[in-house]
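The points are grouped by topic.

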Amino acid sequence: MSISFRSTRLTGGVDVLLVVGAIQIGMSNIAKIARQLKLPDEKLLGDWIVCLPGFTLDKYRQLQRSQLSILSMNCFGGLISHTLGLPFRSPTVNMFFRENEFLRFLHAPRVYLEEMPIFKEFAWERNLKRDYPVVILGNIDVHFNHYTDFDEAVKIWNRRKARINWYNLFVTMYTDSEEILRKFDTLPFGKKVCFVPFKSDLDSAWYINPEIDKDATTIGSHVNRFASGVIFYYDVFDMLLYGKKTPLIEM
Amino acid sequence: MKKILLWFVSNDKRFFQGAITILERQHNGLYIVGVTAGVPIQLQVNGKNVNFIPFDKVDRGG
């Protein structure tokens, strides 16, 4: 193995434009700058992404080209997209559903996404210490807990829902309940993952041992810390590309 | 062997050496064609100077 250097002006194409320090700025902003500078944005690669467990350039490029959309019950989709430098191709970002309402949503996502969001009420976001809008979508509530303004939340929801790639969906939630897991497992999605703090033989059950990460207190916080890249229980590339369970930690 | 161009967008080099090492291992070597950034920078990798290429000199040919 070796590293070679070129000492003259660049004249040929490159395979990779390795962006150093990109985590400070975020890949979506980097991509915008690259387009302004006319740099080949399809060759961009954030340096931190290379260091994620399970990374290979082939898998990462495959993931980028796959135009994956993540439907998630909470922030998971947004967090993992950010961790992997992938654009948001889903409206389920910066919001959450209750478990049963998310299951209802997943039974007919296209129908629910056609519904006009209606303001219901403000609720208290205890972590951010501020009110957020709760919106009715048909017969379910959507909690836009990272927004303070109803109009802004709906505007972004509508913009992002237009980006969904229905041909490559990854569907995910978490629960403490075996009953909820069983219902989720029956859903007709090719790539579906339900994180649970108990062992189960169901294919869609992805066990997270709550003893491993002592800084997380609930299954929700375990899941969010996984999505944020704090701790990797599973290979995220195998998970998002194939729905394949490749544990990285013995649980 | 992969041909790579480095683009420094901030001073955060936490992941830089790790990324170079992983890419070098996974592709049986690396060919670093240069480094580009908003301002001229001096960079060494494995003790060797990397050629600085201003944005406007970066080949867009793909």
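Two strands count as paired if DSSP finds at least two bridges between them. On that basis, strand 6 of chain A and strand 7 of chain A form a hairpin with 2 residues between them, and Gly138(A) in the turn has a positive phi of about 65°. The model is predicted. Chain A is divided into domain 1 (17-65), domain 2 (71-90 + 173-242) and domain 3 (99-161).

**Hairpins of chain A**

- Strand 6 of chain A pairs with strand 7 (residues 140-143) of chain A in the antiparallel sense, over 4 bridges.
- Opposite Leu137(A) stands Ile140(A), in strand 7 of chain A.
- Strand 6 (residues 130-137) of chain A also pairs with strand 5 (residues 118-125) of chain A, in the antiparallel sense and over 7 bridges.
- Glu125(A) has Arg130(A), in strand 6 of chain A, as its bridge partner.
- Strand 5 of chain A and strand 6 of chain A form a hairpin with 4 residues between them, and Lys129(A) in that turn has a positive phi of about 55°.

**Contact between chain A and chain B**

- The contact draws on 36 residues from chain A and 41 residues from chain B.
- On the side of chain B that touches chain A, the elements giving two or more residues are strand 1 (2-8), helix 1 (16-26), strand 2 (30-37) and strand 4 (48-50) of chain B.
- Helix 1 of chain B gives the largest share of that side, 8 residues.
- By residue class, the side of chain B that touches chain A has 20 nonpolar, 11 polar and 10 charged residues.
- Strand pairing also links the chains: strand 2 (residues 16-20) of chain A and strand 1 of chain B run parallel and are joined by 5 bridges.
- Within this pairing, Phe8(B) in strand 1 of chain B is the bridge partner of Val20(A).

**Nonpolar core**

- The largest nonpolar core has 85 residues.
- The residues with the most contacts inside that core are Leu17(A), Leu18(A), Val19(A), Cys194(A), Ile4(B) and Leu6(B).
- Apart from neighbours within four places in sequence, Leu18(A) contacts Leu45(A) and Asp47(A) in chain A, and Ile4(B), Leu6(B), Trp7(B) and Ala19(B) in chain B.

**Strand 8 of chain A and its partners**

- Strand 8 of chain A is largely enclosed by the rest of the structure, because 5 of its 6 residues are buried.
- Strand 4 of chain A pairs with strand 8 of chain A in the parallel sense over 4 bridges, and Ser69(A) stands opposite Leu169(A) in strand 8 of chain A.
- Strand 9 (residues 192-196) of chain A likewise pairs with strand 8 of chain A in the parallel sense, over 4 bridges.
- Phe195(A), in strand 9 of chain A, is the bridge partner of Tyr174(A).
- A right-handed β-α-β unit is made by strand 8 of chain A, helix 8 (residues 178-185) of chain A and strand 9 of chain A.

**Helix 4 of chain A**

- Helix 4 (residues 76-83) of chain A is mostly covered, with 6 of its 8 residues buried.
- Those buried residues are Phe76(A), Gly77(A), Gly78(A), Leu79(A), Ile80(A) and Ser81(A).
- They pack against strand 4 (69-72), strand 8 (169-174), helix 9 (219-227) and helix 10 (236-242) of chain A.

- Met27(A) is located in helix 1 (residues 27-37) of chain A.
- Met27(A) counts as buried because 24 other C-beta atoms lie within 10 Å, where the cut-off is 20 or more.
- Not counting residues up to four places away in sequence, Met27(A) touches Ala22(A), Leu44(A), Gly46(A) and Gly85(A).
- Met27(A) and Phe232(A) are 205 residues apart in sequence, and their C-alpha atoms are 20 Å apart in space.
- Met239(A) lies in helix 10 of chain A and is buried, with 21 other C-beta atoms within 10 Å.
- Beyond its neighbours within four places in sequence, Met239(A) is in contact with Val193(A), Tyr234(A) and Lys244(A).
- Met239(A) and Thr83(A) are 156 residues apart along the chain, with 14 Å between their C-alpha atoms.

**Domain spacing**

- In chain A, the C-alpha centres of domain 1 and domain 3 lie 31 Å apart.

Technical notes: Residues numbered from 1 in each chain as written. Chains lettered and ligands numbered in written order. Predicted model: local features only at pLDDT ≥ 70, side-chain atom pairs only at ≥ 80, totals over all residues. Contact = placed C-beta atoms within 7 Å. Nonpolar A, V, L, I, M, F, W, Y, C, P; charged D, E, K, R; others polar. Domains from an automatic or database assignment. Core = buried A, V, L, I, M, F, W, Y, C linked by C-beta atoms within 7 Å. Buried ≥ 20, exposed ≤ 12 C-beta atoms within 10 Å, placed from the backbone. Right-handed = clockwise from strand over helix to strand, strands pointing away.
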